[in-house]
Amino acid sequence: MAAVKRHDFKTCKDSSFCQRHRQLPKNSLSFYVSKSVQVSKESVQLEISGIENKKPLLLSITLLNGPMFRFKVNEVDPLYPRFEVPFVIEQLPQQQTFSIEEDSKERLVLSASSADVKCVVMKNPLVIFVLHQGEVIVQLNKDWLLKFEEYRAKPLVTGGTDNEKQENEDDEDNEDVDAHEADEEEAHEDNQGEQVKDTQEDESEDTGPDEKKAKLDLEKGMWDESFKSHPDSKPRGPASVGMDIGFPGFKHIYGIPEHADSFNLRNTMDGDPYRMYNLDVFEYELDSRMALYGAIPAVVAHNAKRSVGILWLNAAETWIDVDRPEDSKPILKKLSDFVSKSSKENSDLVTTHWISESGIIDLFVFVGPTAKNVFSQYASLTGLAPLPPAFSIAYHQCRWNYNDDKDCRAVDSGFDEHDIPYDVLWLDIEHTVEKKYFTWDAHKFPDSKQLLDDLNAKGRKMVTIIDPHIKRTGGFHVYDEATRLGYFVKKSDGKTDYNGWCWPGDSSWVDYLNPAAQTWWAGLFSLDMYKGSTLSLFTWNDMNEPSVFNGPEITMHKDALHHGGVEHRDIHNMYGMLMVMATNRGQLLRSHNQHRPFVLSRSFFAGGQRLGAVWTGDNKASWEHMRASIPMLLSMNVVGLTFVGADVGGFFGDPSPELLVRWYQLAAFTPFFRAHAHIETKRREPWLFGEENTKRIRNAIRRRYTFLPYWYTQFFKTSVTGQPLMRPYWVEFPTAEEFFDKEDAFMVGPSLLVAPVLHEGSTSVNVALPGTDLWYDYKTLTSHQAPLRITVEADMDSIPVYYRGGSILPTRGRIRRSSVLSRDDPLTLIVAPDSKGFAEGDLYLDDEHTFQYRMGKFLYRYFSYSASEATLKCAMAKRIVAEPGFTTQVPVHGSQKFVTKVKVERVIVLNVSKQPKEAILTSGGESKTLVVLYDPASKSATVRKPDVNIADDFSIQLVY
């Protein structure tokens, strides 16, 4: 059912470096420690030698605060500098000291008693074990798959088998490669392959052993390689790196987005590995290991006792194999004196094999022990997601394309007429002059500033698309300046601007690796440069994999050159992130660093959580794609990328009314909430599917606005703790093994459980309530004792949502046209006690759009409830309210001097066994009596009109 053209994209068989690594038999290449360069309490540096390597490599080991280990392998004196990924590590955590327990001929043992960790380096052959609390949690190179291709001089071959092809710029670079051209290219390749074969046969009798080996290297694609009609000159030759990484004691492993596949990574021994190579994939396949738009080379392994994570810091094309051998116990025999009894008895094992085309091995191991510890450790390295402007977590309306000013105003008015809130209206590429970004088509948008101001008067914003490809045409100021300043990516000759085909036609791509180009790009967002823009206009960076319609795999040639002579192959997976860095900086500069930026990107890399939101790209209007959005978004969240969503309704195709309603109901509980559609689809604004469906979509969107105070609080907590917003069950219930594969339901923060309707025609959902405590139905407010599996009725008007027992959630009952207009509206507190009668929660408030909160202008309030005292209390929170599994004390810095008009208008206490007579509000030394309404069916007590300012300390006691 997918329309992806698989022949446009490589498999491992088409990638020579993937084959060279993957075809290694286990235990075939042994490295050994040949020399100790430095062994001290601060760091360890070892020379390691291998069969294939002419010179030793340098292995360095450091222990960082977290705790986390860092392992680096690099050439000592490379022929060319090996690329080391910049910008991902925001700040390297403080280095910790080792104790050297043993340094013998057989092994080196490093430990840190304060963190209860050990690193055991077996010297010959080289195998490394990481232990925590007496258990091996990670093993490196146990299968001897470490392979590091050194830069070397190209071998000389007489007669030659030169497989390089000369690009024909006029014929290829200026036209889109359609299906007909693809067939011609494949025929051309077949013909050329026969010519190469004939040449090899003619020369085979005239070559000696050395020359045969050199020719074999050439034939393996080590020095040049082609895919379809696209050559890769590989001027620096082979430079791939790879290593096996095992997780003893684990069966479940998650992460390495972006793939449209299961949440728990599958074994890959029956086919291709998972691929990480950012690509523009049209209407992508499901249940596939194909590369998509983004790449985060990180995983989290989890079992009922603990979690562990790794980051493979490499931005080149990367393949990852996953295997689950039957028994890991033999691995641990060499470590019997270090390993706990329980570790020896556990035979579970997940092994992974990481293969990258270039760069170095730079591996971080996050020791946990809980999943929430791993998330925090990862964030301490790669950075925290910043607190976004509040409008960006509300509802977004998008389409390729809203045609003109009149169309935009009609859509805007349509939301008001149908009483549906929304915050952001989006414009795709058709709003520009001939796809020249930073321009407005004056015929369609004669006064863009007035349109923006009129939207802003309702609290609404606009987003326009700005892509990295720049139309090559004189008189276009962006192109002229970039050309004059030399800010475009170069071809492999290092002199000529790289060009290819994209939406504007013939285009060039900005080199965001160049610091000067980043600064220049950021300046384009200033109000005097981006004519027709205002501070209420924000940005959508699309096509930034980068997408090149007539390039290899619809992307940029790997031998294109960036600033400093860096090949594109080295930075490919982070190109999009570099663009977003510059865009983000531009939004900051235009407001003189006063307003929070908002940028949406399709492409992403590790560390991208610091820069903005991401969506899952060009999905399809199908039930299968809607279902797939959950594991895709969960995979991003568990490796740090939290502000994520999928196009509601599907980008391609026309959803049925039922599918569209169900997708809105699901997406209202995902971090980024936007409807979007292809230009050739039917219009699908929420009111176009009949009154009943308009009502259902309205209710789904309004439900998002009801929970915005809870959402905004969770975004704040993520910005200081690194915890995911959208969570699999096992994050909150780490011992519940029956849910380790679950991907059809999820948690929002620690307190909401969402079980959407995911199948056509379904009017009920089988809901699993985890844990051993109470859950409360969002709609009926009735309680359920976990663990429990129940079939819940879910007509077209609702999906099952549950409050977690022990939680207090802030909500807002008054829904206005946009979130900005409801900023000062009162709150409703939902008190959902656990089985012991206790509940707690929190609320974060600030001005929702500036950085004044960093100077103490915010409020962070703590709520607690005790059934035994029948009392709710509200006070200032001095520390982030603890979550189960995350007990780290995170202080709240600042004076909390934000002035607000927000009051509490009602409190709903659940699981109240009898009718209270009244309630007593006490605040500021004064008390007053409040009315309480009681519903015996739901056992809920509603305290009406406390009308107390949320900034005031207060208590409300139920009186019986």
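**A helix and the sheet beside it**

Guide: Just after α7, Asp 419 takes a positive phi of about 55 degrees. The model is predicted, and the angle is a computed one, like the other values below.

Helix α7 covers residues 405-417, which makes 13 residues. From its first C-alpha to its last it reaches 18 Å, close to the 18 Å expected at 1.5 Å a residue. The N-terminal end is capped by Asp 404, with a side-chain oxygen 3.3 Å from the backbone nitrogen of Lys 406.

Next, the side chains of the helix. An α-helix has 3.6 residues a turn, so residues three or four places apart point the same way. In α7 the buried residues include Cys 408, Val 411, Asp 412 and Phe 415. Asp 405, Asp 407 and Gly 414 complete that buried list. These buried residues pack against β22 (395-397), β23, α8 and β24.

β22, β23 and β24 belong to an open sheet of eight strands with parallel pairing, whose order is β33-β32-β31-β28-β24-β23-β22-β34. The edges are β33 (644-645) and β34 (673-675); each has a single partner strand, so one side of each is left without a neighbour in the sheet. Helix α8 (residues 448-457) also packs on this sheet, touching β23 (424-427), β24 (461-465) and β28 (537-541). The direction of α8 makes about 140 degrees with that of β24.

Leu 600 has Ala 613 of β32 as its bridge partner.

Helix α14 (residues 657-667) is mostly covered, with 10 of its 11 residues buried. Its buried residues run from Glu 658 to Ala 667 and include Arg 662, Trp 663 and Tyr 664. Among the elements that cover them are β22 and β34, together with α13 (623-637), α15 (691-706) and β36 (746-748).

The cysteine of α7 gives a link to another residue. Cys 408 is one of the buried residues of the helix. The model has one disulfide, and its partners are Cys 12 and Cys 18, with sulfur atoms 2.0 Å apart. The torsion about their S-S bond is about -105 degrees, so the disulfide is left-handed. Cys 12 and Cys 18 are both buried. Cys 398 is in no disulfide, and its nearest cysteine sulfur, that of Cys 408, is 11 Å away. With 3% relative accessibility, Cys 398 counts as buried, because the cut-off is under 20%.

Back at the sheet, the loop between β28 and β29 (561-562) holds Pro 546. The peptide bond from Glu 545 to Pro 546 is cis, with omega near 5 degrees. Ile 554 is found in that loop between β28 and β29 as well. Phi of Ile 554 is near 60 degrees, a positive value in a residue other than glycine. Ile 554 is buried, with a relative accessible area of 19%, so the value falls under the 20% limit.

For a contrast in pairing, there is an open sheet of three strands in the order β25-β27-β26, with antiparallel pairing. Its edge strands, β25 (469-471) and β26 (500-502), each pair on one side only. The twist averages 60 degrees from one strand to the next. β25 and β27 (residues 505-509) pair over three bridges, and His 469 stands opposite Trp 509 in β27.

Conventions:
Residues are numbered from 1 along each chain as its sequence is written. This is a predicted model: local features need pLDDT of at least 70, side-chain atom pairs count only at pLDDT 80 or more; totals for chains, interfaces and linings use all residues. Side-chain values use heavy atoms; hydrogens and water are left out. Two strands pair if DSSP finds at least two bridges between them. Helices (H or I, at least four residues) and strands (E, at least two) are DSSP runs, numbered from the N terminus. Contact means heavy atoms within 4.5 Å. Axes are lines fitted to C-alpha atoms, for helices over the stretch in contact, and angles run from 0 to 180 degrees between N-to-C directions. The expected span of a helix is 1.5 Å times one less than its number of residues. Buried means under 20% relative accessible area, exposed over 50%, partly exposed in between (1.4 Å probe, protein chains only). A polar contact is a pair of N or O atoms within 3.5 Å; within protein, one must be able to donate a hydrogen and the other to accept it, and residues adjacent in sequence count only if both atoms are side-chain atoms. A disulfide is a pair of cysteine sulfur atoms within 2.5 Å.
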